Amino acid sequence: KENFNNIPDLELNPIRSKIVRAFFDNRNLRKGPSGLADEINFEDFLTIMSYFRPIDTTMDEEQVQLCRKEKLRFLFHMYDSDSDGRITLEEYRNIWQGIDIETKMHVRFLNMETIALCH
């Protein structure tokens, strides 16, 4: 996990801890309903990176819908910190606590519109 903290592009990202945590979340790794892995292997890394890839334009509508759902679930898991299947007001507040308004306006990690549309 400490290796992820040394990635220059993540160093100043205001949600860096959420991003790093997402790589070790068993739900995203498809290894269980909760918990964090201590380490990930290459296959796990590829699983997480697959959430960031663009949608293949040759996919049929059913595949596109499935992809959208997987990407949105990944995003949801980033904010459901206690793995209870809900984002509470407290969890939401924790996300934004300590982030100044200018930074909040410029957060560009995971453009939600792009993820939702999968294009």
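Two rings of Phe, Tyr or Trp count as an aromatic pair if their centres lie within 6.5 Å. The structure shown here is a predicted model.

Q: How many aromatic pairs does this rule give?
A: The count comes to three.

Q: Why is the pair of Phe 23 and Phe 45 called stacked?
A: The ring centres are 6.0 Å apart and the planes stand at 25°. Pairing asks for centres within 6.5 Å, and stacking for planes under 30 degrees apart. Both values pass, so the pair is stacked.

Q: What makes this pair a tie between separate parts of the sequence?
A: Phe 23 belongs to helix H2, while Phe 45 belongs to helix H3 (residues 42-50). The two parts are 22 residues apart in sequence, so the pair ties them together.

Q: Buried or exposed: how is Phe 23 classed, and why?
A: Phe 23 has 6% relative accessibility. Buried means under 20%. Phe 23 therefore counts as buried.

Q: Why does Phe 45 get the label partly exposed?
A: The relative accessibility of Phe 45 is 32%.

Q: What makes the pair of Phe 52 and Phe 74 edge-to-face?
A: The centres lie 5.5 Å apart, with 80° between the planes.

Q: How do you know which class of accessibility Phe 52 and Phe 74 fall into?
A: Phe 52 has a relative accessible area of 31%, so Phe 52 is partly exposed. Phe 74 has 3% relative accessibility, which means that Phe 74 counts as buried.

Q: What shows how H2 and H4 are arranged?
A: The axes of H2 (residues 16-24) and H4 (residues 61-79) come within 9 Å and cross at roughly 115°. The crossing is right-handed.

Q: Which residues make this contact?
A: From H2 come Lys 18, Ile 19, Arg 21 and Ala 22, and from H4 come Phe 74, His 77 and Met 78. By type, the contact holds four nonpolar, one polar and two charged residues.

Q: Which residues of H2 are buried?
A: Lys 18, Ile 19, Val 20, Ala 22, Phe 23 and Phe 24 are. Their cover includes helix H1 (8-11), H3, H4 and H5.

Q: Why is Asp 80 called buried?
A: Asp 80 has 1% relative accessibility. The cut-off is under 20%, so Asp 80 counts as buried. Asp 80 lies in the loop between H4 and helix H5 (89-96).

Q: How do you know what the side chain of Asp 80 reaches?
A: The side chain comes to 2.8 Å from the backbone nitrogen of Gly 85. The distance limit for a polar contact is 3.5 Å, and 2.8 Å falls within that limit. Leaving out residues up to four places away in sequence, Asp 80 touches Arg 27, Gly 85, Arg 86, Ile 87 and Glu 91.

Q: What is the protein built from?
A: The protein has seven helices and zero strands. Buried residues make up 32% of its 119 residues.

Conventions
Residues numbered from 1 in each chain as written. Predicted model: local features only at pLDDT ≥ 70, side-chain atom pairs only at ≥ 80, totals over all residues. Heavy atoms only, no water. Axes fitted to C-alpha atoms, helices over the stretch in contact; angles between N-to-C directions. Helix = DSSP H or I, 4+ residues; strand = E, 2+ residues; numbered from the N terminus. Left-handed = near helix turned anticlockwise from the far one by under 90°. Contact = heavy atoms within 4.5 Å. Nonpolar A, V, L, I, M, F, W, Y, C, P; charged D, E, K, R; others polar. Buried < 20%, exposed > 50% of the residue type's maximum accessible area, 1.4 Å probe, protein only. Polar contact = N/O pair within 3.5 Å; in protein donor to acceptor, adjacent residues only side chain to side chain. Phe/Tyr/Trp six-rings, centres within 6.5 Å; stacked < 30°, edge-to-face > 60°.
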